Amino acid sequence: MKTLICCFFCLCSVFGAFGKELACLDEFSLGEIEYFCIGGRQAGIFKQTLHPKAILLELHASGVTPSIQMGISKSAQMAEELDALLVSPQAVRPYKQGTTWNIPFDANYADDLDYLTRLIEQIKLEACLSDAPVLVMGYSGGARMASHLA
């Protein structure tokens, strides 16, 4: 898997809601951020084109939801410029008023490395992007997780 890591630092605290189940990426509207559930977690997805050339995986800061993170980072604009499918999943380890990524690993919480690996594979399958590069960016705790994922 080709992966580019971009790490930025930002922090904010808010917690959000879940969306629909991921079934077929063709059902997602072009040019809009929509939310779906996979593996019991919320994720935001932004699809600007019918045939994206890459996957941009954005990992949120500790205490922040995918929707808040995408608003802060303007990652939808970056995905549009890269002709990429933007995916922003939710961590589940409790942290302050929200969640954080399970790095360093604690066996009492979900294995985020395994979750993100499975998520990337499912997105590649659903979007017919098996050969597409995966670009990963993270903020604060998301940057920690992005470097671990690399």
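**Entry 1: ground rules.** I first noted how angles are named: under 35 degrees counts as roughly parallel, over 145 as roughly antiparallel, 65 to 115 as roughly perpendicular and the rest as oblique. This is a predicted model, so I kept in mind that local features need pLDDT of at least 70 and side-chain atom pairs count only at pLDDT 80 or more, while totals for chains, interfaces and linings use all residues. Residues are numbered from 1 along each chain as its sequence is written, and side-chain values use heavy atoms, with hydrogens and water left out.

**Entry 2: the helix pair.** I looked up helix 3 (residues 112–126) and helix 4 (residues 141–149), which pack at an angle of about 70° with axes 10 Å apart. Axes here are lines fitted to C-alpha atoms, for helices over the stretch in contact, and angles run from 0 to 180 degrees between N-to-C directions. The two helices are therefore roughly perpendicular to each other. Which residues of helix 3 meet helix 4? I found Asp112, Leu113, Leu116, Thr117 and Ile120, and they meet Met145, His148 and Leu149 in helix 4; contact means heavy atoms within 4.5 Å. By class, this contact has five nonpolar, two polar and one charged residues. (Ala, Val, Leu, Ile, Met, Phe, Trp, Tyr, Cys and Pro count as nonpolar, Asp, Glu, Lys and Arg as charged, and the others, Gly among them, as polar.)

**Entry 3: Ser130.** I found Ser130 in the loop between helix 3 and strand 9 (134–139). Is Ser130 buried or exposed? Ser130 is exposed, at a relative accessible area of 56%. The cut-offs are under 20% for buried, over 50% for exposed and partly exposed in between, using a 1.4 Å probe and protein chains only. From Ser130 to Ile120 I count 10 residues in sequence and 9.7 Å in space, C-alpha to C-alpha.

**Entry 4: strand 6.** All six of the six residues of strand 6 (residues 84–89) are buried, so this strand is largely enclosed by the rest of the structure. Ala84, Leu86 and Ser88 lie on one side, with Leu85, Val87 and Pro89 on the other. Strand 4 (residues 41–46) pairs with strand 6 in the antiparallel sense over four bridges, and Gly44 has Ser88 as its bridge partner. Strand 5 (residues 54–59) pairs with strand 6 in the parallel sense, also over four bridges; there Ile55 stands opposite Leu85. Pairing requires at least two DSSP bridges between two strands.

**Entry 5: the whole chain.** I noted four helices and nine strands. Both are DSSP runs numbered from the N terminus: helices are H or I with at least four residues, strands E with at least two. Buried residues make up 47% of the 150 residues.
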